[in-house]
Amino acid sequence: MNSHASTPSSGSDEQAPTEDGPRGGGPGAVVVVGTPIGNLSDASQRLKDVLRTADVLAVEDTRTLHRLATGLGVTVSGRIVTHHEHNENSRAGELLDEVRAGRTVAVLSDAGMPTVSDPGFPLVRAAAEAELPVSVLPGPSAVLAALAVSGLPTDRFTFEGFLPRKTGERAAHLAALAQEPRTMVFYESPHRLAEMLTAVRDALGGDRRAAVCRELTKLHEEVLRDDLDGLVAWATGNQVRGEIVVVVHGAAPAPAPEPEDLVGEVEALVASHEIKLKAAARQVATDRGVSTRRLYDAVIAARGRA
């Protein structure tokens, strides 16, 4: 998402380089590097080592990198290049040449994991296609952090990123999600939050449970849990600030139909495809989530009443 909060670690890092990114000796690699989403105390020792030892650091914003390194007490000596949404495709070839030359290329976004609504995917895909080494240095994720504190089901979820800005495209996207059973995670900017929540409410229903997670891991962290009607009212009446993640409950599963209601489908399948009754009952039962035996018996009973 955006820039790091200024929560510096104490002291400088004097530990020797590890295998995660030392210069010289050994093949080069692309290293996808996770960075703190707000609190620098969440930085790992591996992150510090890679910042210090990587040959090339591909970053969204060089100023953000320097703030991160300063806050962690790390001196960056590798070559720094910009790598953002406007140049990541054209930059990929240059960075892969560095890997082929035996150098470690660390890919960092301003906060969180590269490739997840942030630059990095074209480079990783190109490296994989070229059979060049790619590794990951995992770190904080706004998606997982918001999901964990939302109070909504976490066993299955889908990350939707930022919704389209254009009204028609956004409505179409949300219409396709209306029956999505998994918990949904979205990013949104604070000044568009009220509009976004209103669109989600209109598409999914005001009684759908959701959570707005603001400034996760930072000093003013806040999580609001309510139905979409309540969250729309809150966002409309407040000047919302900070980094925002919205988590929305998935749709309740539709009740399975009664076998008696599917008799017509089975008979139509038998008539139009000239297949046997048992095969038709099995196909419809599988498609509609009912018992094949109960559906077959329902067809036989209906025929007996005809």
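Colleague: What does the accessible surface of the protein chain come to, and how much of it belongs to carbon and sulfur atoms?
Modeller: About 15400 Å², of which 50% belongs to carbon and sulfur atoms; that's Shrake-Rupley with a 1.4 Å probe. Mind you, this is a predicted model, where local features need pLDDT of at least 70, side-chain atom pairs count only at pLDDT 80 or more, and totals for chains, interfaces and linings use all residues. Residues are numbered from 1 along each chain as its sequence is written, and side-chain values use heavy atoms, leaving out hydrogens and water.

Colleague: What makes the protein chain more spread out than a compact globule?
Modeller: First, the chain has eleven helices and ten strands (DSSP runs, H or I of at least four residues for helices, E of at least two for strands, numbered from the N terminus). Its radius of gyration is 26 Å, well over the 19 Å that the globule rule gives for 306 residues, so the chain is more spread out than a compact globule. The radius is taken over C-alpha atoms, and the rule is 2.2 Å times the number of residues to the power 0.38.

Colleague: Which residues of helix H6 are called buried?
Modeller: In H6 (residues 167-177) those are Arg170, Leu174 and Leu177; buried means under 20% relative accessible area, exposed over 50%, partly exposed in between (1.4 Å probe, protein chains only).

Colleague: Why do you say they line one face of H6?
Modeller: Down the H6 axis they fall within an arc of 50 degrees, so they line one face; the arc uses directions from the helix axis to the C-beta atoms. The face turned away carries exposed Gly168, Ala175 and Ala176.
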